[in-house]
Amino acid sequence: MNKKVKGCLVLLLTLAITAGFCFLGYVGAPDIKLGLDLNGGVSITYQTVDPDPTAEQMSDTVYKLQLKAQGYSTEAQVYQEGSNRINIDIPGATDANEILEELGEPGTLQFADENGNVLLTGDDVKNATAGMTDKSGSREYVIELTFTDAGAEKFAQATADNVGKPLYIIYNDEVISSPNVQEAISGGQASITGITDYQEATNIASTIRIGALPVQLTELRSNVIGATLGQEAISSSLRAGAIGLGLVMLFMIAVYLLPGLAASLALVMYVGLELVLLQAFEVTLTLPGIAGIILSIGMAVDANVIIFTRIKEELGLGNNVHDAIKAGYSKALSAILDGNITTLIAAAVLYLRGSGTVKGFATTLAIGIVISLITALFVTRSIMWCFYQLGAENPKLYGVRKKAKVFDFVGFRKKAYAISIVVIAAGFIFMGVNKAGTGNLFNYDLDFQGGSSTNVTFNEDLSMSDIDAKVIPVFKEVTGGDSSTQASKVAGTNEVIIKTRTLTTEERTELYDKLVDTFGVDENKITTENISGAVSVEMKKDAAWAFVIAIICMLIYIWVRFRDFRFASASVIALTHDVLVTVAFYAGLRWAVGSTFIACILTIVGYSINATIVIFDRIRENLAKPDGRKDLKLAVNDAVSQTLTRSINTSLTTFITVLVLFILGVSSIRDFTMPLMVGIVSGCWSSVMIAGPLWYDLTMMNSKNKAAKAKSSGKDKKKAARAAGKKAEASGQK
C-alpha cells in the first residue's frame, strides 16, 4: 500500500471519528445536567425545631448542609431564609420527594456506650465519608470519620474507656451502627469497618453527616423551580459558542493554513468529546462551568498555536516539511506539558479543597485540559501526517516564518511596571471610595451578601420572557435599578420567586402596592423574607484556601521543573498582577461580585499561567545555548519576541469566543464575560511585558548580591592577611 492511499484511509478514518464524536456530543448535549441558573431544579426549605437558634448554630448548619447537598450536586446552593429557616436548591432535579428522601430528615446524633451513657454528640463530628479498601485482594467497605478538636479529645477518651466493647451510633433514638472498639484512637480520625456493601456505607455516612447538624430541622416546603437565567440564556449561549468556535476555526485556517485546518477538525472532535464526557461524569453545567470550558478551549487552541509556530520557524530555517513537523512537535512538547500540567494541578487542588461553583469549574477545566492534550498531541498530529502523506509537501501550505524581530521588552519594563502599578493602585483607591460610600469594598451580589426573597402568586402562569419583560422592571424600579435581581418560577403553579438586594420596610410596601396595581395580585399571596448569601463564609474560606494552595503547588512545580526559584517567583507575581488588575476593574466599574467572581478569577489564573510558562520555556531554551547566559537581556528579549505571535494569537482566539458570548448573551452573561475579557488582556500583558523582564530583574539582583558577598569576602580575606602580617612582624621584632 503506497503512502498516499494509506494517508487517504487514515484521513477518512480520522474524519469519521471526528464526525462520530460530534454526533455523540450533539445527541448527548440534551442529557447534560444544567445548573439552577440554566435549568432550575428542586428547592427545599427546612425550619428549625427550636424557634430561636443562635446565629452561630444557623451558620454551622448551613455549611454542613452545603457539604451534604454537594453529595447530590456540586452546584447545590444552601442559604438562610429569615431567622430560623434554611433553603436548599438542588440543580437539575425534578422530583422533590426523591431529593428529600436522599437528603434525609435532619435529627439528633449521639455516640453512646453499652450502658447508654452519651459520650459524643453530632456537634463533635466534622464529617463522615464512605470509602473502600483493598487488602490482600479482599475488598472492604469503610466509613471515615473526622471529628472537631473538642470531639477528637472526647473520642480518644471514649475509645480508651471502651476497648473491646461496642460503641453505639444512635440517630433519632435508632442505632445505625455499633462498631467494636479495637484500640484507643487519637488524632481526630477513625474508621468504621465490617460493612457489607458500599451502599450501606454511603447511607450510614450520610445519616451521620445530617445528624451532625447543630440544630434539628423539619421540612417546611419543597418546590420544583425554573431556571434563573431562562431559556433565552441557554439558547443565546449555545448560539454564541457555535459562532465563536466557527470564528476561531476560520482564524486558525487563515493564519496557519493547512495546519489550521487540521487544528479545526481536531477542535470539532474536542467539543464533541467534551460534551460526551460532561454527560458521562454527570457534571452539572453552570456559568462557572462554561468558564472552565472556555479556558480549556483556549488552551486547546494554544497548544496547536505553539506547535504551528515551531513548524513555521523550522521551515524558516530551511528544513523540509517532514523534518519541520517532526521538530515542531518535539520542541513544543515541554511547553505544552508544563503549561497544561500546571493548570491541571490547580484544577485538582480547587476540586479537592473548594466547594460549590469552584468544584464545578475545576471539573470542567480538568476534563477540558485532558481532552485538549489528547487532541493537540495525537489527533492534530495524525491529521497533519495524513495531509503530508497525501502530497502536502509544499512549505507554502504551512507558512514560513521569517526570523522574528527582537524588541527590547527588558528596556521597556520600567514603563510596563509603572502602568500596571497605576491600574492596581487605582483599584485600591476605588475600593476605598466604595467603602466610604456604601460600606462595602465591592458591589456584592446576592450570592455574597444575601438580600430579600419575594414570593408572588400571580393570577396567570407567566412565562420567563413575560417575567423578564414585565415583572423584573417593577422590582428594579423599587430597588433603584438593582442589577442583581433574579427570578425563577415554581413548576406547576403561578408562583414566582424574585430575589433582590435587601428591601426596607418602605420598599416592601411600595413593591406590594405596585404588584397589586399592575398585575391585580392578592396582597395576601405576596411574602418577603430576608435571605443569607448562597456563598457562605466557610465557602469563601474554602475558595481562598484552594486558591492559595493551588498557587503554592504551581510555584513548587515550576521551581522543580525549571530548577530556578526565580522562574516560580516571577510567575506567581505575574498571576497576582492579573488578579489585582481584574479586581481593580471590579471595584472601579462596580461589577457585581458573586459566585461567578470566583470562577472568573480562577479562569484568569489558569489562562495566565499557561502563557507565562510558554515564554519561560523559551527563555530556558535560549539559556541552554552556548552564549545564552552571557547576555541575559538578549535571552529574555529574544524569547518574548519569538513567542509574541503565539501570545497574541492565543489571546485573540480566546477573546473572540468570550466577545461573541458577551455580544449575544443576556445581561447576566455579560456581567460574567466582561471581567473575563479584562483578564485575558491582563494575562497577555503580564506574560509578555511583566513575567520575562521580572525574571531578568530577579536574576540580576541575585547576581549583584553574589558579587557583593564575594567582594565583601575578598576584603575580609585581605584584612585578615594584613592583620596576620602585622602580627608576624611584631613577633619578629620581639
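Ring pairs join Phe562, Phe567, Phe616 and Trp695 into a cluster, where rings of Phe, Tyr and Trp (its six-membered ring) pair if their centres lie within 6.5 Å, and planes under 30 degrees apart count as stacked, over 60 as edge-to-face and the rest as tilted. The model is predicted, so local features need pLDDT of at least 70 and side-chain atom pairs count only at pLDDT 80 or more, while totals for chains, interfaces and linings use all residues. Residues are numbered from 1 along each chain as its sequence is written, and side-chain values use heavy atoms, with hydrogens and water left out.

The structure holds 14 aromatic pairs. One of them is formed by Tyr256 and Phe308, a tilted pair with 5.7 Å from centre to centre and 50 degrees between the planes. This pair links distant parts of the chain, with Tyr256 in helix H7 (residues 230–280) and Phe308 in helix H8 (residues 287–316), 52 residues apart. Helices (H or I, at least four residues) and strands (E, at least two) are DSSP runs, numbered from the N terminus. Tyr256 is buried at 2% relative accessibility, and Phe308 is buried with a relative accessible area of 2%; buried means under 20% relative accessible area, exposed over 50%, and partly exposed in between (1.4 Å probe, protein chains only).

The pair of Phe562 and Phe616 is edge-to-face, because the ring centres are 6.4 Å apart and the planes stand at 80 degrees. Here, too, distant parts of the chain are linked: Phe562 belongs to helix H15 (residues 537–562) and Phe616 to helix H17 (residues 595–623), 54 residues apart. Phe562 is buried, with a relative accessible area of 7%, and Phe616 is buried at 0%. Phe562 also has a charged neighbour, as Arg620 lies over the face of its ring at 4.2 Å from the ring centre. A charge sits over a ring if NZ of Lys or CZ of Arg is within 6 Å of the ring centre and within 35 degrees of the ring normal.

Arg563 is found in the loop between H15 and H16 and has a positive phi of about 55 degrees, although it is not a glycine. Most residues other than glycine have a negative phi. Arg563 counts as exposed, at 78% relative accessibility. Arg590, in the loop between H16 and strand S17 (592–593), likewise has a positive phi, near 55 degrees; Arg590 is partly exposed, with a relative accessible area of 33%.

Helix H16 (residues 565–588) packs against helix H11 (residues 413–438) at an angle of about 40 degrees, with the axes 8 Å apart. Axes are lines fitted to C-alpha atoms, for helices over the stretch in contact, and angles run from 0 to 180 degrees between N-to-C directions. H11 and H16 are therefore oblique to each other, given that angles under 35 degrees count as roughly parallel, over 145 as roughly antiparallel, 65 to 115 as roughly perpendicular and the rest as oblique.

Turning to the strands, four form an open antiparallel sheet in the order S5-S4-S8-S9, where two strands pair if DSSP finds at least two bridges between them. Strands S5 (118–121) and S9 (174–177) stand at the edges with a single partner strand each, so one side of each has no neighbour in the sheet. From one strand to the next, the twist averages 35 degrees. Strands S4 (residues 109–112) and S8 (residues 168–171) run antiparallel and are joined by four bridges; Phe111 has Ile169 of S8 as its bridge partner.
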